[in-house]
Amino acid sequence: MASTLKTSVEALSAEIVVSIFSIAVYSTVPTIAQDSIPTSGITSNPEDSCTPIVLSHVCSAWRTLSLSSTGLWSTIYTTRAAQGHIHLLELWISRSGERLLDLTLRDGAGWSESSTPYLVRVFNILCRAGSRWRSFSIEKSRSWWPAEISAHLASHAPLQTLQTLQLETLTFELRPAAPYAAFYNQWKRVIASSPKLKRLALSFMPIQYDESRLGVPNAVLALSTVVPWGRLTSLCLTAVSLLDPGSMRKSFYDMLSACNKLETLSVSLDDHTLPPKPDWPVVTLAKLRTLNAVGRRFLPVLMDMLNLPNLLYLSIHTETTALSSHNAYSSFSELLSRSNCHLKSFSFRDCNNDAVQSLSTLLTHPCLSDLSNLRVGSRVDDTTPSKMVHTPDTAPSVCHLTLDSVMPYHLIESSSPFVSLVLSRYPVLHFLEVNFESQANFASELSSWDHPSPQIDRRLGRVDRRYKCTGAGFGTRSFGKELRCGDFSMALDDHLKQHL
């Protein structure tokens, strides 16, 4: 058998083997947590430990193929790296040939002053290949790096002469104030000299959790003359503040108004204080298909200023209060009515545990009548799913349902709310993912699903069911930290979009 298998593998063409290599290197492993960080060093995929180096150690034939396949080396993700990994970075760059590069620098453990020599060397190596940058991202930990690092990079990294004619995607944090100004100004020059730039991700605020220390640089105004707003198709703004009663909110409005080609907008809004409702005209983004929004009190302000007639994918991550809940859900509903859009996907998390009824009402909106994918990140009980997707007037077309956190509920013999849900939705519902907070509920539902009657079994067999028990979905998290760190985990991934 082993000999036959070996012969079969060896019979594969080089093109097929390289395609398999590419899948192994770049595919996401679903069992790894979203916020996981790969082991120290350099890899091609932050969610998979398989690299072209690993493949090259299997046999001589695979080594030849992996080392000569430039596409396997063109995505470079560094994390928790140190001086000893410089040679790996140089190897990746050289093996990528003339391919365009997708580059990410991840500060896994927190960069310190001792990291400065390493980062200067890394930037010098990467800048030498600047003409091949297709995307460049700096992913830092939840604190600012020391000012000394920015000062050294501004002085010793050749950003001021960097040629990025192929750059399409750029991610970095804005801190225009001293002593970061020189480094920040060099990134402004990179933006201005990148004629293909169309995807931009910016963080506007110091990420600190002591609200009394939060500062708000007027970064939108500082960038308004260099960012090609009218060319952007994707824009991500993390920790935007609209505190300033004048120029900051007006510049934010003007920026959105200029984004006439925007297809994806992701925004997290800080809400240190509640601003008055702006009296500017509504912004129409005719090409926007995806909106990912994170915020509390500022979120209704954003919803009230947008008209999105072609919106298909909406994700909202919020935390309402007893006083703000009505206004927030009214703003969500008014956005849908004003836009007259027809959503395919709706992902929603309200960290207020009493928000389920408001969400159930929102799901009756006519703009959700064609909804295919529904993800609920709020905590729900065993009766909630049927209320939201069972009756004919509440999102009747939902075929893909995800519940992030089902609270413990009383077990009733020979009763399974989720089997009942699937049967009542047959044959429309074909994907069900549920996270149970209770191990007993998880075991009971699993048993009911795995041991049905023959007639029921045929119907259940058509559903991709994914049960898990990992505890409360968000009970131990701080929403404030999620907001300031741009937690867009409720956003729909591109793979699922292709199947809706």
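Which way does H7 pass H8, in a left-handed or a right-handed crossing?

A: H7 passes H8 in a left-handed crossing, meaning that the near helix is turned anticlockwise from the far one by less than a right angle. Before going on, keep in mind that this is a predicted model, where local features need pLDDT of at least 70, side-chain atom pairs count only at pLDDT 80 or more, and totals for chains, interfaces and linings use all residues. Residues are numbered from 1 along each chain as its sequence is written, and side-chain values use heavy atoms, with hydrogens and water left out.

Back to the pair. H7 covers residues 147-156 and H8 residues 181-192; helices (H or I, at least four residues) and strands (E, at least two) are DSSP runs counted from the N terminus. Their axes, lines fitted to C-alpha atoms over the stretch in contact, with angles from 0 to 180 degrees between N-to-C directions, come within 7 Å and cross at roughly 50°. That makes H7 and H8 oblique to each other, the label left once under 35 (roughly parallel), over 145 (roughly antiparallel) and 65 to 115 degrees (roughly perpendicular) are taken out.

Follow the chain on from H7 and you get to Gln-160, in the loop between H7 and strand S5 (169-173). Gln-160 is partly exposed because its relative accessibility is 41%, between buried (under 20%) and exposed (over 50%), using a 1.4 Å probe and protein chains only.

Now for the charged pairs. A salt bridge here is a side-chain nitrogen of Lys or Arg within 4 Å of a carboxyl oxygen of Asp or Glu, and by that rule there are nine. One of them joins Arg-349 to Asp-404, with the closest N and O atoms 3.1 Å apart. Arg-349 is in strand S13 (residues 345-350) and Asp-404 in strand S15 (residues 400-406), so this bridge ties together parts 55 residues apart in sequence. Both residues, Arg-349 and Asp-404, are buried, and along with Arg-375 they belong to a network of salt bridges.

Lys-468 and Glu-433 make another salt bridge, at 3.1 Å from N to O. Lys-468 is partly exposed at 37% relative accessible area, whereas Glu-433 is buried at 19%.
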